[in-house]
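Please read the numbered points below with the sequence and the 3D structure open beside you. Each point takes up one topic and spells out its terms where they come up.

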Amino acid sequence: MYKQIKMDCIAGVIILLLFSNVYAEFTEVTQEALGAAPNAISAGEMGAWPDYNNDGWADLHLGADRLYENNQDGTFTLVNDIGLDTDGGVAYRSTWADVDNDGDLDCVQGLDRQNLPNQMYYSYYYENSGNPDYIFTRTNIYRPPLYARNCQPMFVDGDGDGVYELYQATFGNWDPYGRAADKYFSWQGGRNWSDVTDFCLPELSTFMYERHTRGVVACDYDNDFDMDIFVPVYPIQWFPPDGNDASWLNILWQNDGTGDFSDVAEDAGVAIETHGRYGYGLASGASWGDYDNDGWFDLVVGNIHGLCALYRNNQNGTFEHVTLDVGLPPALPERQWHNTLWSDYDNDGDLDLFACQWYENYRAYLFRNNGPDSTNYFTDVTNLQGFSTIREFDQVSGFATADYDLDGDMDVYFSGGLLNNRGKHLFSNDLDEETRNNHWLIAEIEGDGESCGLTALGTKIRIRYDDGWSCVMQVEATSADLSMNMHPVHFGLGQHERFEEIVVYWQCGYVESFGWDQFEGVDQYVTLVEGNGTEYDEVRESRPITLPSEIILHPAMPNPFNSIAKIKVTLPTEKDFTLSVYDIQGRLVSTLHSGILSQGNHLFVFNSDKLPSGIYFINLQSATGINTEKVVLLK
């Protein structure tokens, strides 16, 4: 199925053909699809493609209550009265996933009220009621300090238990000036979230990690079946850092396999980009993508005061800066890169790169990936693909891709971000004469709701052909700053008319193969459900976890707490133990566990909904003795 070129674009297409001999691949359809001219659409700077009503068609969320429902005919209807309200707050960024595993997508929005310290600006959680109404119920999660504001929130299954946590990026105000550290929350059931920052990311409790962050993106970059998190840092001190100033350093949170994180950005080689006007860069956006099709995620970082930083994964926990080797920098002047996004727009099997500038030119660009056999990976094809130098493609801020019309190619939405050009633009992908015969496959990935969440965030997918492998892709809740691509995973297959198998690396550690005989061919949507494939024979060894010689009962977090406390127990070997809670008078309140568990880290939840405020004791009893920790309940 191929889209027809709109009549009002024929003249422009003819002119383009006369000069380039290439058909335009993208056609702006904002007026027809969204029912308003680009500059008449009131929304934030973001773009996200959730299927909020679970009908198989990607809907478009532009922040706050600006949700456009897909009519399944190339048009959308604004449905702004379903509970996504923010009481007038500016919601620039959102993240979507089925948090409660009930079959529909829930949402978190981070409100950003810069320079309005007396106003309420929370991270809000919106629980989806599901069929038939799809109405959202709002709960506030977190209000940052008065001198800071919320930026990108992101769902992630950090501890691999099938339940999502939330990473909330925070940013200091320009005036009054201030810093604030990011936060990390654990879902406790219902609409309850608990701050477990000190428990899972203890470095964030130190002053040196009070850094200004906008976007945040996650992936398993070291292929050990747990989610790691990259946080681009955007310092707002307008002077070069000194040797003791860590506020300019990006953060790479490496997961130890249990959901606890430590920053390894400097060791990995992604802490700072030095090709900037001030000697250092300001990282405002980042994206994970396997641009060289080797099965390992690479990282691109937007540097608002310098060159783009493209880091190739060395497959050993480190990255190599390769920007100068792949054809990217010559196309952009210095201090122009702002945001980035990967997507295979031409279905040739290689990830292409959207990028936008800031300051002088405010331009956006599309770079075609020419593949590993070319002299340079990337070629600037912005003008040839229908994105000309007209003002409508200037001042781009957030963008996101989805196959909203189910024809097998990735369409793109982008938002103008500044001054008089805050237009919202939807471009339909029409494919050109050269790429129209490329094949594709789009896979909906469904976890079992237990070992992996239904949305299956962090699950990786790769296709094996008879002559090699595709790039590795993942299900993600953020794709860049201000961005979330659709959850179904899109693969361009190039000229491949068949494949041998689809390999799914479920985040829980299980690897499955879905063979060619389970499908009817290429150029189709497929659904891959955890447990319906064949166990794959590939074995990947996780990074070893250092275990103690004795049982460790870690302090409860948070402490004090007002609803939920989490308790971690580390076992050196398989152990039989009982974990109980007693009140200050020695009465048994709750038994959290009794029996045998395997070696490693285990997490338990103490729910105090029916208990009064007071002091309680966590008691771990085993054959080697008794360990006790005190926790304070404040309601």
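1. Disulfides. The count of disulfides, taken as pairs of cysteine sulfur atoms within 2.5 Å, comes to zero. A disulfide is a covalent bond between the sulfur atoms of two cysteines.

2. Basis of the note. This is a predicted model, in which local features need pLDDT of at least 70 and side-chain atom pairs count only at pLDDT 80 or more, while totals for chains, interfaces and linings use all residues. Residues are numbered from 1 along each chain as its sequence is written, and side-chain values use heavy atoms, with hydrogens and water left out.

3. Salt bridges. How many salt bridges does the count come to? The count is 13, where a salt bridge is a side-chain nitrogen of Lys or Arg within 4 Å of a carboxyl oxygen of Asp or Glu.

4. Asp-292 and Arg-312. The side chains of these two residues form a salt bridge, with 3.6 Å from N to O. Asp-292 sits in the loop between β18 (283-289) and β19 (298-303), and Arg-312 sits in strand β20 (residues 309-313), so the pair ties together parts that are 20 residues apart in sequence. Strands in this note are DSSP runs of E with at least two residues, and helices are runs of H or I with at least four residues; both are numbered from the N terminus. With a relative accessible area of 12%, Asp-292 is buried, whereas Arg-312 is partly exposed at 24%.

5. Glu-501 and Arg-464. Another salt bridge joins the side chains of Glu-501 and Arg-464, at 2.7 Å from N to O. Why does this pair tie together parts that are apart in sequence? Glu-501 belongs to strand β35 (residues 501-505) and Arg-464 to strand β30 (residues 460-465), so the parts that are tied together lie 37 residues apart in sequence. Glu-501 is buried, its relative accessible area being 8%, while Arg-464 is partly exposed at 29%.

6. In the salt bridge between the side chains of Asp-583 and Arg-587, the N to O distance is 2.8 Å. Asp-583 counts as buried because its relative accessibility is 12%. Elsewhere, salt bridges with shared partners link Asp-85, Asp-87 and Arg-138 into one network.

7. Strand β22. Is this strand mostly covered or mostly open? Strand β22 (residues 339-343) is mostly covered, with five of its five residues buried. Both of its faces are covered: Asn-339, Leu-341 and Ser-343 are buried on one side, and Thr-340 and Trp-342 are buried on the other. β22 pairs with strand β23 (residues 352-356) in the antiparallel sense over five bridges; two strands are said to pair if DSSP finds at least two bridges between them. Ser-343 has Asp-352 of β23 as its bridge partner.

8. Two serines. Ser-470 lies in the loop between β31 (468-469) and β32 (473-474), and at 3% relative accessibility it is buried. Apart from its neighbours within four places in sequence, Ser-470 is in contact (heavy atoms within 4.5 Å) with Asn-293, Arg-462, Ile-463, Tyr-465 and Phe-491. Ser-284 is in strand β18 and is buried, with a relative accessible area of 0%. With neighbours within four places in sequence again left aside, the contacts of Ser-284 include Arg-214, Tyr-234, Trp-337 and Asp-481.

9. Backbone details. The peptide bond from Asn-131 to Pro-132 is cis, with omega near 10°, and Pro-132 is in the loop between β8 (123-128) and β9 (136-142). Asn-223 is not a glycine, yet its phi is positive, near 55°. Asn-223 belongs to the loop between β14 (217-219) and β15 (228-231) and is buried at 6% relative accessibility. Leu-482, also a residue other than glycine, has a positive phi of about 65°. Leu-482 lies in the loop between β32 and β33 (483-484), and its relative accessible area of 2% makes it buried.

Methods. Buried means under 20% relative accessible area, exposed over 50%, partly exposed in between (1.4 Å probe, protein chains only).
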